[in-house]
Amino acid sequence: MKLVFAGTPEVAVPALDALLSSGRHEVAAVVTRPDAPAGRGRRLVASPVAERAEEAGIEVLKPAKPKDPEFLERLREIGPDCCPVVAYGALLPRVALDVPAQGWVNLHFSLLPAWRGAAPVQHAIMAGDEITGASTFLIEEGLDSGPVYGTVTEEIRATDTSGDLLTRLAFAGAGLLVATMDGIEDGTLKAVPQPADGISLAPKVNVEDAHLDFGAPALRVDRMVRGCTPAPGAWTTFRGERLKLIQVTPVPDRTDLAPGQIAAGKNSVHVGTGSYGVELLWVQAQGKKPMRAADWARGVRIAEGERLGG
């Protein structure tokens with residue numbers, strides 16, 4: 001089939017690469033979000049998908065909005081049979097959805113109908129799910145509600161961050177997306193409506209959502225840290241300044257600390273929660289680079305009885 005691929009961040013690049021190397025389909029163009037300011041100088045930078053497409057010599061379309069008349073006209077000129085999508089980052093209007101005969105097919109990083117929305121991997125980890133996966137589905141105007149073509153499953157490991165899990169899903173999902181394109185082309189794959197039961201929502205996780213509550217159980221604190229790593233970053237406060245927690249581990253036999261209370265040893269730092277303690281492994285103080293928690297604790301000279309979170 002002739003394809004127009006839509007995607008923006010790094011996590012979409014494996015799927016684009018897989019389609020380019022499939023040998024069966026033609027990626028005629030790529031649709032991505034406009035260049036965005038990045039870095040200290042706030043210089044405009046192309047998306048990872050745009051950069052990869054340019055390396056491959058593929059036309060790149062960067063509409064401010066997918067309903068822009070110029071973009072829609074060019075899309076009709078290209079005449080794609082299908083438009084595979086991975087983390088494009090903008091809602092597609094009906095006028096765009098109607099262009100390809102086989103529609104727009106999204107690779108979503110959950111087992112639908114679980115975790116519909118922008119942050120399925122983060123929410124799966126924070127909720128304590130043991131299994132997740134990826135789904136391909138036909139996009140309709142509802143939020144991730146279209147009929148599903150196929151799925152792959154992935155175990156959530158005890159130490160997975162959202163970054164770790166998303167990387168694995170990006171590669172597993174890339175193979176699923178190619179297989180979905182193959183099945184659509186040869187007519188062997190039909191989309192199946194999602195069940196009405198089991199729907200859960202995964203809205204974007206913002207900085208305020210990542211504020212840690214040490215009154216919660218240790219497992220909840222651990223899941224929050226892992227789910228918010230690398231972005232937006234789980235955080236608390238210490239002496240009135242923000243402290244990001246990058247890696248912690250539950251310590252079930254540490255039951256002598258009140259929620260948020262810090263106990264700093266020579267080579268370890270423990271903090272109380274609503275159940276038992278967690279050990280801080282890596283932290284990042286405001287304006288500083290990430291460091292081992294024990295090194296941070298030595299530098300700030302924690303006094304007896306001090307707490308995280310005020």
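Predicted model: local features only at pLDDT ≥ 70, side-chain atom pairs only at ≥ 80, totals over all residues.

Trainee: Okay, and which residues are buried in α3 itself?

Mentor: α3 covers residues 69-78, and F71, L72, L75 and I78 are the buried ones. Looking down the axis of α3, those buried residues fall within an arc of 120°, so they line one face of the helix.

Trainee: Which ones are exposed on the other side?

Mentor: P69, E70 and E77 are exposed there.

Trainee: And what do the buried residues of α3 pack against?

Mentor: Quite a list: strands β1 (2-7), β2 (26-31), β5 (59-61), β6 (83-86) and β7 (104-108), plus helix α4 (94-97).

Trainee: You mentioned β7. Is N106 in there buried or exposed?

Mentor: N106 does sit in strand β7. N106 has a relative accessible area of 9%, which is under the 20% cut-off, so it counts as buried.

Trainee: What does N106 touch, leaving aside its neighbours within four places in sequence?

Mentor: N106 is in contact with V85, V86, A87, S135, T136, F137, I139 and D144. Two of those names are worth a stop for their backbone angles. A87 has a positive phi of about 50° although it is not a glycine, and D144 likewise has a positive phi, near 50°.

Trainee: Why point that out?

Mentor: Because most residues other than glycine have a negative phi.

Trainee: New topic: which peptide bonds are cis?

Mentor: I can give you two. L112 and P113 are joined by a cis bond with omega about 15°, and the bond from A231 to P232 is cis as well, with omega near 0°. P113 belongs to the loop between β7 and α5 (120-126), and P232 to the loop between α7 (218-227) and β10.

Trainee: What goes on around β10?

Mentor: β10 pairs with strand β11 (residues 241-251) in the antiparallel sense, over four bridges. For example, T236 has L243 in β11 as its bridge partner. The hairpin of β10 and β11 has two residues between the strands, and R239 takes a positive phi near 55° there.

Trainee: How many aromatic pairs are there?

Mentor: The count comes to one. In that pair, the rings of F238 and W296 have centres 5.1 Å apart and planes at 70°, so the pair is edge-to-face. F238 lies in β10 (residues 235-238) and W296 in helix α8 (residues 293-300), so the pair ties together parts that are 58 residues apart in sequence.

Trainee: Are those two buried or exposed?

Mentor: Both F238 and W296 are buried. While we're on rings, look at W235 too: the charged end of R242 sits over its ring, 3.7 Å from the centre.

Trainee: Now the big picture. How many residues are in the largest nonpolar core?

Mentor: There are 37, and those with the most contacts inside it are F5, L19, V30, V86, F109, L177 and M181. The elements giving two or more residues to this core are β1, α1 (13-20), β2, α2 (48-55), β7, α5 and α6 (162-186). The largest share, nine residues, comes from α6.

Trainee: Pick one of those residues. What does V30 touch?

Mentor: Not counting residues up to four places away in sequence, V30 touches F5, L16, V49, A53, I58, E59, V60 and L61. There is also another core apart from that one, with 29 residues, among them M126, F214, A234 and A285.

Trainee: Last one: where is E279, and what does it touch?

Mentor: E279 is in strand β14 (residues 277-285). Residues up to four places away in sequence aside, E279 touches Q247, V248, T249, V251, S268, V269 and H270.

Note on methods:
Residues numbered from 1 in each chain as written. Heavy atoms only, no water. Buried < 20%, exposed > 50% of the residue type's maximum accessible area, 1.4 Å probe, protein only. Arc of directions from axis to C-beta. Contact = heavy atoms within 4.5 Å. Phe/Tyr/Trp six-rings, centres within 6.5 Å; stacked < 30°, edge-to-face > 60°. Lys NZ or Arg CZ within 6 Å of the ring centre and 35° of its normal. Pairing = 2+ DSSP bridges. Core = buried A, V, L, I, M, F, W, Y, C linked by side-chain atoms within 4.5 Å.
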